[in-house]
Amino acid sequence: MPQILEKQVGQVDIGDMKVINIVEELVWECFKEVIEHRPGICRCDRCMADVCALALNKMKPRYVASDKGEVISKAAFLEKELKIELLVAVADAVEIVKVNPRHEME
Ligand SMILES: [Zn+2]
């Protein structure tokens, strides 16, 4: 897996607290789950970034305030409904990028 999958996306710091969009945190997790079941999709950095961007654009952001020292438990935030919404958004994005990769097909 390329490094980008472990990367944290946007983040706002306020003193000792930070405000994070848990959807951004979770999209990587969902993405990893989705591509495991879809071996046909291109895994280059560009396509993976496109999939994540498309999926995030479809999702409403959900911000939470969190202590900087606190480890965000992804499982704790992962309500069933949110997870389903994310999986659908990621799966749709995968299909779009699969049909229209922004590079030559190999
Ligand atoms: Zn690609």
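Trainee: Which strands form a hairpin here, and how many residues sit between them?
Mentor: E1 and E2 form the hairpin, with two residues between them. Gly 15 lies in the turn and has a positive phi of about 55°. Keep in mind that this is a predicted model.

Trainee: How many bridges join E1 to E2, and which way do they run?
Mentor: Three bridges join E1 to E2, which covers residues 17-21. The two strands run antiparallel. Ile 14 stands opposite Met 17 in E2.

Trainee: What about E2 and E3, how many bridges there?
Mentor: Five bridges join E2 to E3. That pair runs antiparallel too. Ile 20 stands opposite Val 64 in E3.

Trainee: What is the strand order in the sheet?
Mentor: The order is E1-E2-E3, in an open sheet of three strands with antiparallel pairing. E1 (12-14) and E3 (63-67) stand at the edges. Each has a single partner strand, so one side of each is left without a neighbour in the sheet. Neighbouring strands are turned by 25° against each other on average, direction ignored.

Trainee: Which strands does H1 touch?
Mentor: H1 packs on the sheet and touches E2 and E3. The direction of H1 makes about 55° with that of E2.

Trainee: Switching to helices. At what angle do H1 and H2 pack?
Mentor: About 130°, with their axes 10 Å apart. H1 is residues 22-36 and H2 is residues 45-58. That angle makes H1 oblique to H2. H1 passes H2 in a right-handed crossing.

Trainee: Which residues make that contact?
Mentor: From H1, take Val 23, Glu 24, Val 27 and Phe 31. From H2, take Val 51, Cys 52, Ala 55 and Leu 56. By class, the contact of H1 with H2 has seven nonpolar, no polar and one charged residues.

Trainee: And H1 with H4, what angle?
Mentor: H1 and H4 (residues 80-99) pack at about 60°, with their axes 9 Å apart. That makes H1 oblique to H4. The crossing of H1 and H4 is right-handed.

Trainee: Which residues meet there?
Mentor: H1 brings Leu 26, Val 27, Cys 30, Phe 31 and Val 34. H4 brings Leu 86, Leu 87, Val 90, Ala 91 and Val 94. The classes for the contact of H1 with H4 are 10 nonpolar, no polar and no charged.

Trainee: Last pair. How do the axes of H2 and H4 cross?
Mentor: They cross at roughly 135° and come within 8 Å. H2 and H4 are therefore oblique to each other. The crossing of H2 and H4 is right-handed.

Trainee: Which residues of H2 meet H4?
Mentor: Cys 47, Asp 50, Val 51, Leu 54, Ala 55 and Lys 58. In H4 they meet Ala 89, Val 90, Ala 93, Val 94, Ile 96 and Val 97. By class, the contact of H2 with H4 has 10 nonpolar, no polar and two charged residues.

Trainee: New topic: confidence. What does the chain average?
Mentor: The chain averages a pLDDT of 80. Of the residues, 77% score at least 70.

Trainee: Which elements have the highest and lowest mean pLDDT?
Mentor: H2 has the highest, at 94. H3, residues 74-77, has the lowest, at 55.

Trainee: Where does pLDDT stay under 50?
Mentor: Over residues 1-9. For that stretch the model has seven contacts beyond four places in sequence.

Trainee: How should I read a low-scoring stretch?
Mentor: Where pLDDT is low, the predicted coordinates should not be read in detail.

Conventions. Residues numbered from 1 in each chain as written. Predicted model: local features only at pLDDT ≥ 70, side-chain atom pairs only at ≥ 80, totals over all residues. Axes fitted to C-alpha atoms, helices over the stretch in contact; angles between N-to-C directions. Helix = DSSP H or I, 4+ residues; strand = E, 2+ residues; numbered from the N terminus. Parallel < 35°, antiparallel > 145°, perpendicular 65-115°, else oblique. Left-handed = near helix turned anticlockwise from the far one by under 90°. Contact = placed C-beta atoms within 7 Å. Nonpolar A, V, L, I, M, F, W, Y, C, P; charged D, E, K, R; others polar. Pairing = 2+ DSSP bridges. pLDDT = per-residue confidence, 0-100.
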